[in-house]
Every structure is written in structure tokens, then in C-alpha cells.
Amino acid sequence: MAFKRRARRMRLGLGRYRVGPMWLWKALLVFVAIAFAGQLLGVIFNKSLQQDRSRSLFSSDGQGPPLGSCRPHSHVMFLKTHKTASSTVLNMLYRYGEERDLFFALPLGYQFGYPLPFNAHRVKGYRGPHVAEFSIMGNHMRFNKPEVEKVMPVDTFYFSIMRDPVALAESSYAYYKAVAPAFKKAKGLGDFADNPRKYYDPRLRNNHYARNLLWFDFGLDHNANFSTTLARRGEAAVRRAFKLILVSEHFDQSMVLLRHALCWPLDAIVSFSLNARQQKPSGGSSWVGKVAAVQPPALALTDDQRLKLREWNALDWHLYQAFNRSFWNEVDRFGRIRMDQEVALLRTRRDVLARACLRDGGRPVEASRIRDKTIRPFQSGLVKILGYELQPGLDNATHQSCLRMIRPEIQYKDLLDARQFPRAAPQAAQAQAPAIPAGGAYLRKDPSSQLRTGELGVGEGGGGGGTGEDRSRLSRSNNNNNNQTLLRGGGGGKGKIK
């Protein structure tokens, strides 16, 4: 009997003992399930985070202050003037259009027949007025409004950019020293400023870089003798044709006005200075900084020589003064305090993207030091043109977004061209693999390219004149320009190609 009682207690005890482990096992299973789910969610989250890092980096904080009920402009024409930070602006247009799969009005070469007045047939894929809808136009041209209107929709937003003619002359001399005969003959810019007529011959090709270059790019007669009446007529023609004129010395304020005019997100107008010759000036209002802090002797100017350059470029000086006043009137309407706030936001955003995207804290580097040869900037003139290197280890999406911001103009145009006209892709793909000799100068492998000696001339501006037919037309155009005052419609008229 005692044995049976002990056996019964043992069974009860074992039963009680087994109850404990079942609850423990259940708890353990729940814990393992939670841990596994957490680990799985963590993997998914991390993968999603990696995939969305670019989207969050370039979108979450990149929208900027609200723009109200406006609708973004997708039809935009930018007159890309020379040596005015226009390459940086064009990069913004390229990025915006590429990200939204818009259709670009691209030149057959790298410019729209410059320095000849623009003709619609210079647009690749153009088949007649408004047969195809082009969204964005921004490569170099000599403005000719009636011809542009054949290409761009009626609701197109027209804008351009200007720069102080003295600073523009310094940059133009540095960049086009070997191209413009007037600059080539002079010992230095100061020597040219002291007696420009000694060196300047209006009949010689590429000398338009040496006098009233803004006036020329806007399609007006840059060799006309200055008069107040003529200057005001030119100013009125520009005002009729363009809804907004930016000022490169106030680049950040210009970008804020442009953003609100186009109803674009903040990141669309955040940029890194392209074709830069120096670091961002500390405490300055502009990111451009195209002229070195310490000028080479060939670019040194006295105050008297600066005055002489303004007199020599009197038509440009009138335009710049007039549109600089208009620019600050726009800022006043926008609100000075509001402008200061948005400029601060823009600069902060630029710094964030520079730290995320670029090596060396975003400092530009010499082209020869850029490891990726496909993003080395074109070189021309007396001063080295700087570029950027991307941070190593960026995920693919972030790398692509950052690359868009630093891709040089020539390579970017090739990329867009290949996407819009895929049948020419093999040639365009070859075009994107530039041959870079020592020193980083950008040369094309394709011998048929007009990059160096043809349409582009040199660098950002070019003006080589292209084919023999182009040179013949240019000669006739230059002769006609001696008798020309203003081109029809703010840029068309006598000088346009028939």
C-alpha cells in the first residue's frame, strides 16, 4: 500500500514537472518567433532603407517650402549665355528632365549652330513646327525668337542669366584666349582694355567673344555704336522675350526666384558649381566663383581698366544694370526676409548633398585627378577647369542621383541624346568614353565630331562655325551684322538662317 502511494505521488510529481516545461516551451517558441520576425523585418527594413536611401536623401528634405497651388512648368527654354554660370543652370534642366522622362530639344552637335542665329532645323528630330512636343531647350544658341517658337510650345517659360560685363570679360579672356583673335594678340586683358580697337576687328571669326557678348547671345548687333535709344530698344526686346533674367553674382537668390517661377521642388535647383575655377567663396552670396581669388597676371586689371571695359561693352553694361535693378525689384516683391530664409535653406541643403555625394567635403579638384575619366570636365584657356569626385561606397540609386549633379555638360548631352535617339546609341556610347590626354583635356574619339574644331569650337562656348557651309554663312552673317541694329522679335530677323 505504501508502495502504491509513493508511486502515485511520483506520477503526480512528474505530471506537475511536465506542466512547467510545456509553458516554458510555449514561451520560448513565442520568443523565438518574435526574434525571428524582428530579424526578418530588420533585414527587410535595412534592404528597403538601402533602396530608398537615395529617395529619402533627395526627396524628403528636398521639397523645400510649400509653393501653394501652382503647377510645375514642364516647358522651359533657357538661353544659355556664355561665362555666366549657365552650365550649372543647364545641369539643373538636364536633371529635372531626365528624372521625369521629358523630351529635350537637343542640337545636332553641341550647340545650335552657334554663332549663327538659331534655326529650328538645328534641333535633332525636328520635323516641322510643333510636329513633336519638346519640353526643355537649353544648349548654346544665338537667340532668334521666331525660330525658337517653331520648336517650343506656346506656354513655354523663357528665362536667361546675365553677369557683370567686367567679370564676364575676365572669364571670356581666360577661356577664349586662343580662340578670339582680339584676345590672342593682346599681352593681357589689361593691355586689351587699354586700347581694344587696336586688337579688335569685327570681321574676324570668334571676335564676338571680345565685345558685348551678352548682347550678341541675345541676338542683337554687338558691334552697333552705343546710344541710349538703341540700348533701351535692346532692353525692351529682351523683356518681351523672357519672363525672368537671373544674375550670376547673386546665384542663390536667382535660384530661389527660379524655383518659385517654375514651381519646382528645392532639390531641382540645388547644384554644385560646374566649370568652377576656385572653391566656393567663404561667406559669399554666390556659389559660382568662376574667377580665381588671385588672378593670373594676364587677367589683372586696374580700376581704370575696369572702367574702360565697361565703356567697351557699353551695351552689355546697360543690359546688366537694367536687369540687375529688375532682379532686386523681384526680390523685394518676393520679400527680403523670406528670401534670406530660403537662401539659407538652399545653402544648407547644398552642404548636406555635398557631404553625402562628394569626396573632400565637396571641394572641386583638377580634372587630371578625377579617377573616373568619363566625368572629367572639358579644358580650355588659361585657367584649369575643376570637377568633382563622388564618395566611394554609395548605393546604386544614390550614386546615380549624385552623378547627375556633377556630370559635365558635354557628357550629359551625349547621354540624353543616346536615350532619345536609341538607334544612334552605339555611336553615342562610344562618345561617352572620351579620350583624356595628360592634363585632363577632353577630346572626342569620333573623328567626325565637331567638338574641338567644329560647331562647339572650344569648351563651354565654342563658336568655331562648324562645316564649310556654316563658315560661309557666318561670313555673310558677320557682313550683314555691320548694318544691323536689332533682330526681329528680340532675336530673329535679318541675320537668321533661311
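## A buried ring pair

Phe 78 is buried, at a relative accessible area of 0%, where buried means under 20% relative accessible area, exposed over 50% and partly exposed in between, with a 1.4 Å probe and protein chains only. Phe 159 is likewise buried, with a relative accessible area of 0%. The model is predicted: local features need pLDDT of at least 70 and side-chain atom pairs count only at pLDDT 80 or more, while totals for chains, interfaces and linings use all residues. Residues are numbered from 1 along each chain as its sequence is written, and side-chain values use heavy atoms, without hydrogens and water.

## Aromatic pairs

The structure holds 21 aromatic pairs. Rings of Phe, Tyr and Trp (its six-membered ring) pair if their centres lie within 6.5 Å; planes under 30 degrees apart are stacked, over 60 edge-to-face and the rest tilted. The pair of Phe 78 and Phe 159 is stacked, because the ring centres are 4.8 Å apart and the planes stand at 25 degrees. Phe 78 belongs to strand β1 (residues 76–79) and Phe 159 to strand β4 (residues 157–162), so this pair ties together parts 81 residues apart in sequence. Helices (H or I, at least four residues) and strands (E, at least two) are DSSP runs, numbered from the N terminus.

Tyr 114 and Phe 216 make an edge-to-face pair, with 5.9 Å between centres and 85 degrees between planes. Tyr 114 is in the loop between β2 (104–105) and β3 (136–137), and Phe 216 is in helix α8 (residues 213–217), 102 residues apart. Tyr 114 is buried at 0% relative accessible area, and Phe 216 counts as buried at 2%.

## Cluster and charges over rings

One aromatic cluster is formed by Tyr 173, Phe 183, Phe 192, Tyr 199, Tyr 200 and Trp 312.

The charged end of Lys 145 sits over the ring of Tyr 158, 4.8 Å from its centre; the criterion is NZ of Lys or CZ of Arg within 6 Å of the ring centre and within 35 degrees of the ring normal. The charged end of Arg 310 sits over the ring of Trp 317, 4.3 Å from its centre.

## Helices α4 and α12

The axes of helix α4 (residues 165–176) and helix α12 (residues 303–312) come within 9 Å and cross at roughly 95 degrees. Helix α4 is therefore roughly perpendicular to α12 (65 to 115 degrees; under 35 is roughly parallel, over 145 roughly antiparallel and the rest oblique). Val 166, Ala 169 and Glu 170 of α4 make the contact with Arg 306, Leu 309 and Arg 310 of α12, contact meaning heavy atoms within 4.5 Å.

Notes
Axes fitted to C-alpha atoms, helices over the stretch in contact; angles between N-to-C directions.
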